[in-house]
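Good morning, and thank you for the time. I would like to take you through one structure, a few sites at a time.

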Amino acid sequence: MPDISLPHISHLTAPDPSLAGSHLTIDLKALADNYRMLAQKTGSAECAAVIKADAYGTGLEPAAETLWQAGARTFFVAHPQEGAKARTLLPDAVIYVLNGLVGDDSKDGFDYYRAHQLRPVLGCREEVSLWQDYCANREEALPCAIHFDTGMNRLGLSFADAEALSTQWKTAKPAFALELIISHLVCADEPKHPKNLDQLEKFRAVRALFPDVKASLANSGGVFLGPDYHFDLCRPGIALYGGAVCEGEKSPMKVVATLKSRVLSMRDVPEGQSVSYGATETTKRNSRLAILCLGYADGYLRTASSSDLKKGAKVAINGHQAPIIGRVTMDLIIVDVTGIPQEQVKRGDWAEFFGSQIPVDDVAESAGTISYELLTSLGLRALRSYL
Ligand SMILES: *Cc1c(COP(=O)(O)O)cnc(C)c1O
């Protein structure tokens, strides 16, 4: 099994901060506060924490430890190796693997789940049979969850499968221990979408078939849809990391990730000159530009570029906002600082790409995507620090 080494580990020790062109700061106190805020909202339902994809780019290990200290006891990852990483830090946590039984369906693969005490979220009938056979052979009722589909058409067994299993288990108990049933909301970030109520009703019907098993439906958006959606356990991800929970609305959560880079140089460009690759944007006036030491190789998205036809994202420098001009390049981004007093933007100053001044959701929107993609794309080059 190949080891996944986490990028932030090397970045905690190197490089020399004085040489860093960009900084990614992860505020672990804000992460803990966000967890506590969500746990308060979920009330009597347990609030779990989703830490898949390197805890949404923030670093699985520091995030997992922080969330445990804040009170989280159940964690969700996507892949078994992510679960094993979390297990080394959290010997007593309950850890579910959302993607279910990932791998070549060998006994070794299943042994890996058992060795690290990972609970697969079984997502199709084959996986239910495989885990059943594995547990029957071992004569060991290993824990798992089952995912039922209520409208995503991605993972999850059908309602007919749910009925068949519940009937079957009335006469012959399964060889595994079914600890949780889950389903996943399709439009939780659009509270008025009719799909939410539809999925809620479908999930209630599934739940009625397994009355003794804990149930979980809500992701971050679902937590905010209200108590009907909470069941026994909620599974927020993006809200922990500061992302918005409702489409088009400002995030109610604290900022966790801040990305900054230095101003590398300043230049004056006359009106009518093109800027950056492809000559897609032209200065509309005599302009003052700042060249920033960060690009798409750092995980900032090239689709946040600006052109004469489409506005790009903005950055904040010393309290002023400045729009990107032209294309985002691999290592550098150019912003228009015309109109900002000269002494307030100079070589060596720091520009914020997202954080408390520029919401990560705004950048994602300018880039035609969502905060999830921006955070999980964060590269390995920015110097990471944890507050
Ligand atoms: C990623 C994921 C979550 C967390 O979703 P957020 O929208 O980030 O809160 C919950 N459940 C499942 C099945 C997921 O895949």
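**Contacts of a serine, a ligand site and a helix**

Let me begin with serine 276, which, once its neighbours within four places in sequence are set aside, is in contact with Gly326, Arg327, Thr329 and Ile334. Please keep in mind that this is a predicted model. One of these contacts can be described at the level of atoms: a polar atom of the serine 276 side chain lies 2.9 Å from the backbone oxygen of arginine 327. Serine 276 itself is found in the loop between β12 (274-275) and β13 (281-282). Serine 307 is 31 residues apart from serine 276 along the chain, and the C-alpha atoms of the two are separated by 9.9 Å.

I turn now to the ligand. Which residues come nearest to the ligand? Of the 13 residues around the ligand, they are Lys52, Tyr56, Ser220, Gly237 and Tyr372. Serine 220 places a side-chain N or O atom 2.5 Å from an oxygen atom of the ligand. For tyrosine 56, a polar side-chain atom lies 2.6 Å from a ligand oxygen. Histidine 184 has a side-chain N or O atom 3.4 Å from a nitrogen atom of the ligand. How much of the ligand's accessible area does the protein cover? On its own the ligand has 380 Å² of accessible area, and the protein covers 92% of this.

An unreviewed UniProt entry annotates Lys52 as "modified residue: N6-(pyridoxal phosphate)lysine". Lysine 52 lies in helix α3, which spans residues 52-56. Its relative accessibility is 27%, so lysine 52 counts as partly exposed. Beyond its neighbours within four places in sequence, lysine 52 is in contact with Phe76, Val77, Ala78, Glu82 and Leu98.

Finally, helix α4, residues 60-70. Is helix α4 largely enclosed or largely open? Helix α4 is largely enclosed by the rest of the structure, because eight of its 11 residues are buried. Those buried residues are Leu60, Glu61, Pro62, Ala63, Ala64, Thr66, Leu67 and Ala70. After α4 comes glycine 71, which has a positive phi, near 120°.

Thank you; I would welcome your comments.

How values were computed:
Residues are numbered from 1 along each chain as its sequence is written. This is a predicted model: local features need pLDDT of at least 70, side-chain atom pairs count only at pLDDT 80 or more; totals for chains, interfaces and linings use all residues. Side-chain values use heavy atoms; hydrogens and water are left out. A residue is near a molecule or strand if one of its heavy atoms lies within 4 Å of it. A polar contact is a pair of N or O atoms within 3.5 Å; within protein, one must be able to donate a hydrogen and the other to accept it, and residues adjacent in sequence count only if both atoms are side-chain atoms. Accessible areas come from the Shrake-Rupley method with a 1.4 Å probe; for residues, only the protein chains shown count as cover. UniProt positions are given in the numbering used here, feature names are shortened, and annotations may be inferred rather than shown by experiment. Helices (H or I, at least four residues) and strands (E, at least two) are DSSP runs, numbered from the N terminus. Buried means under 20% relative accessible area, exposed over 50%, partly exposed in between (1.4 Å probe, protein chains only). Contact means heavy atoms within 4.5 Å.
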